[in-house]
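Hi,

Here's the structure I promised to pass on.

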Amino acid sequence: MKQVEIFTDGACKGNPGPGGWGALIRYGAREKEISGGQADTTNNRMELLAAINALGSLIEPCAVALYTDSKYVCDGITKWVGGWQRNGWKNASKQPVRNADLWHDLIEAAARHDVSWHWVKGHAGHEGNERADRLASAAAEAMMSSDI
């Protein structure tokens, strides 16, 4: 199974507001950058979309080390999602889980792969995270200047 590293980040100019997501995908010496944005969104949605789109871009099942600076994504997928599923997608306060649509998409995207989830401190000089941050910020800026 191919060993792949993915670095993801999301950005939002205002929360909610125009947002962007970015990902750096690394397979050996090969690298690919992907990004996108939405005109009206939240930072958490952009963090989720970065991971969803990066995992979805892989052509075949891979062993993936995914690095994110989002505790929301990392803790959500490794600690909280099982409870949400058992509780009918309600959180500990018995309220509907926010961004459930994207959590479903992330579960589906990750299921094809053997994913290990890693949290990294954001804006701390981590090369992969810094590149993903630049991609996400550029996508958010593009959403701010578009007429969409």
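Leaving out anything up to four places away in sequence, Ser-35 touches Trp-21, Gly-22, Leu-135 and Ala-139. The residue itself sits in strand β3 and comes out as partly exposed, at 40% relative accessible area. Also worth a look is the pair Ser-35 and Asn-53: they are 18 residues apart along the chain, and their C-alpha atoms are separated by 8.5 Å. Do keep in mind throughout that this is a predicted model.

Now for β4, residues 62-68. Seven of its seven residues are buried, so the strand is largely enclosed by the rest of the structure. You can follow that on both faces: one side carries Cys-62, Val-64, Leu-66 and Thr-68, the other Ala-63, Ala-65 and Tyr-67, and every one of these is buried.

What does β4 pair with? One partner is β1, in the parallel sense and over seven bridges, with Ile-6 standing opposite Leu-66 of β4. Another is β5 (residues 114-119), again parallel, this time over six bridges. There, Tyr-67 has His-118 of β5 as its bridge partner.

On to the packing. The largest nonpolar core has 34 residues, and the ones with the most contacts inside it are Ile-6, Leu-55, Val-64, Trp-103, Leu-106 and Trp-117. At least two residues each come from β1, β2, α1 (43-56), β4, α2 (71-86), α3 (100-111) and β5. Which element gives the largest share of this core? That is α1, with eight residues.

Not counting residues up to four places away in sequence, Leu-55 touches Ile-6, Val-64 and Leu-66, then Leu-106, Ala-109, Ala-110, Arg-112 and His-113, and finally Val-115 and Trp-117.

Two or more lining residues come from each of β1 (2-12), β2 (17-27) and β3 (30-41). The lining has 13 residues in total, and Ile-25, Tyr-27, Arg-30, Leu-58 and Ile-59 are the ones nearest the pocket's centre. By type, the lining splits into six nonpolar, six charged and one polar.

Last, some backbone spots to check:

- Asn-15 and Pro-16 are joined by a cis peptide bond, with omega at about 15°. Pro-16 is in the loop between β1 and β2.
- Asn-99, in the loop between α2 and α3, has a positive phi, near 60°, without being a glycine. Buried or exposed? Asn-99 counts as buried, at 15% relative accessibility.
- His-123 is another non-glycine residue with a positive phi, near 55°. You'll find His-123 in the loop between β5 and α4 (127-145), and at 60% relative accessibility it counts as exposed.

Cheers

Notes: Residues numbered from 1 in each chain as written. Predicted model: local features only at pLDDT ≥ 70, side-chain atom pairs only at ≥ 80, totals over all residues. Heavy atoms only, no water. 1 Å grid on protein atoms, 1.4 Å probe; cavity = no way out; pocket = protein on both sides within 12 Å on 5 of 7 lines; lining within 4 Å. Helix = DSSP H or I, 4+ residues; strand = E, 2+ residues; numbered from the N terminus. Nonpolar A, V, L, I, M, F, W, Y, C, P; charged D, E, K, R; others polar. Buried < 20%, exposed > 50% of the residue type's maximum accessible area, 1.4 Å probe, protein only. Pairing = 2+ DSSP bridges. Core = buried A, V, L, I, M, F, W, Y, C linked by side-chain atoms within 4.5 Å. Contact = heavy atoms within 4.5 Å.
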